[in-house]
Amino acid sequence: MVLAKLGLDGHDRGIKVIARALSDSGMEVVYTGLRQTPEQVANAALQEDADVVAVSILSGAHMTLVPALIQCLRSLGVGDIPVVVGGIIPNEDSPALKAAGVADIMGPGTPLSQLVKRLTEIAKSERR
Amino acid sequence: MCESSEELASQITQRLLPVLASKRSHVVGVTGAPGVGKSTLIDKLVEEERERERSVAVLAVDPSSFFTGGAVLGDRSRMNRQSVDPFVYIRSFGTSGDLGGLSRPVLDAIKILRAFGKDMIIVETTGVGQNEVEVASFVHTTVVVTMPSLGDELQLLEAGVPEIGDVFVLNKADLSGAEVSHSELREMVRLNFEGKRWQPPIIETIGTKGEGVVQLADRIDDHFRFLLASGLVAEKERKALREEVYQLLKASLVSLAKEKVYEGSVKGIVADGGNPYVIARLILESLSCGAQEVHGTQTK
């Protein structure tokens, strides 16, 4: 699983907690770090042969960054890697994100165990 | 693909053999204790190698949990800006179950990247003693990264580590204690490499600022040139092949032995108060007999 913080959001405590929880459940988690661009994350997903890409955005820039990420993945030929989004995502943006190709959206308040379960589910599903 | 099955890995390796015969990459191992700044340094080294118009691959190995098999692979986070360069390939690996430092997929990745013609393949491992020694068997040049001593002088003299270093790096050289650590390193190199053909250089670097990286790249190149000129490259590669065969055998034998114990072929013998020496010998004998049957050389 590739975990990423896109854009200028500098808060990484949450994503590190999630990374740890996923690793404890047996997953290999590649954490790409803070302030990543969509191109950087997409290339990482390609090189790591990711089963899922999970991005966290607390800065509100998700409507720009997430579609850009999906576009990059597609142009690299790996548009079939599911993308999951977390962070501060207003409900009204969910339909647009889903339409853009996001597999699921899990905001704060999602219990950690549910997050791990759902991500694992998505990661194990067949890539189209 | 090589990660998922040994059979597949073997097939892929077979197909690559003719290509590999004509390709040579410089395989560089970078090892050192957690936190010394390896990933940051590698990020700058990759940048420098790209300046020298070399294609680079980085295989970043982080330990997986023995219990869950999972891992958080964070080395990439310090060099991910390189991802967008088409001549740089970075891949993270856990150690999934192998108690040693390098798992089979990493060794396969090295072969594949060589076949693709990468000029330099950097293998980063977190040294915890044994792991560092192991990496040295599979690379041409071993770079050992340390940082100014946090009080424990003997850390640098950990058994096995000094002997395998080809290039020593004192990173975070701006921290206090750097001068003392540098002299300790110098002394250790003198003791361990007296009279040897290659005298490992000690380079001071500040990874975060990129200082000392040009010298590091130069010394790594020097070492490879030395290996080529002295004919040691072939010897190292032969040793690496032997070591890899040994690893594969060890893994197969261990799983075979585990099968025997669990499936109860030596049923009733693995009981409370048993003699482990006797039990082990019995399992070994049953494995040898099995092997002889397979080869049709059953002795009467």
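1. In chain B, helix α1 (residues 6-21) and helix α3 (residues 104-115) have axes that come within 10 Å and cross at roughly 30 degrees. Because angles under 35 degrees count as roughly parallel, α1(B) is roughly parallel to α3(B). The crossing of this pair, α1(B) and α3(B), is left-handed. The model is predicted, and this applies to every point below.

2. The residues that bring these two helices together can be listed. From α1(B) come E6(B), A9(B), I12(B), T13(B), L16(B), V19(B) and L20(B), and they meet R104(B), D108(B), K111(B), I112(B), R114(B) and A115(B) of α3(B). Sorted by class, the contact of α1(B) with α3(B) has seven nonpolar residues, one polar residue and five charged residues.

3. Chain A has a helix pair of its own to look at. Helix α1 (residues 13-24) of chain A packs against helix α5 (residues 112-124) of chain A at an angle of about 65 degrees, and their axes are 10 Å apart. On the α1(A) side the contact is made by V17(A), I18(A), A21(A) and L22(A); on the α5(A) side, by L112(A), L115(A), V116(A) and L119(A). By class, the contact of α1(A) with α5(A) has eight nonpolar residues, with no polar and no charged ones. The crossing of α1(A) and α5(A) is right-handed.

4. As for the make-up of chain A, its secondary structure comes to five helices and five strands. Read from the N terminus, the elements of chain A follow the order β-α-β-α-β-α-β-α-β-α. Of contacts in chain A between residues at least 6 apart in sequence, 69% join residues at least 24 apart.

5. On overall dimensions, a compact globule with 128 residues would have a radius of gyration near 14 Å, and chain A, at 13 Å, agrees with that. Along the principal axes, the C-alpha atoms of chain A fill a box of roughly 35 × 30 × 25 Å. Buried residues make up 51% of the 128 residues in chain A.

6. One residue of chain B deserves a separate entry. V189(B) lies in helix α6 (residues 178-193) of chain B. Its relative accessibility is 6%, so V189(B) counts as buried, the cut-off being under 20%. Leaving aside residues up to four places away in sequence, V189(B) touches F168(B), E194(B), P200(B) and I202(B). The C-alpha atoms of V189(B) and F226(B) are separated by 18 Å, the two residues being 37 residues apart along the chain.

How values were computed. Residues numbered from 1 in each chain as written. Chains lettered and ligands numbered in written order. Predicted model: local features only at pLDDT ≥ 70, side-chain atom pairs only at ≥ 80, totals over all residues. Heavy atoms only, no water. Axes fitted to C-alpha atoms, helices over the stretch in contact; angles between N-to-C directions. Helix = DSSP H or I, 4+ residues; strand = E, 2+ residues; numbered from the N terminus. Parallel < 35°, antiparallel > 145°, perpendicular 65-115°, else oblique. Left-handed = near helix turned anticlockwise from the far one by under 90°. Contact = heavy atoms within 4.5 Å. Nonpolar A, V, L, I, M, F, W, Y, C, P; charged D, E, K, R; others polar. Rg over C-alpha atoms; globule rule 2.2 N^0.38 Å. Buried < 20%, exposed > 50% of the residue type's maximum accessible area, 1.4 Å probe, protein only.
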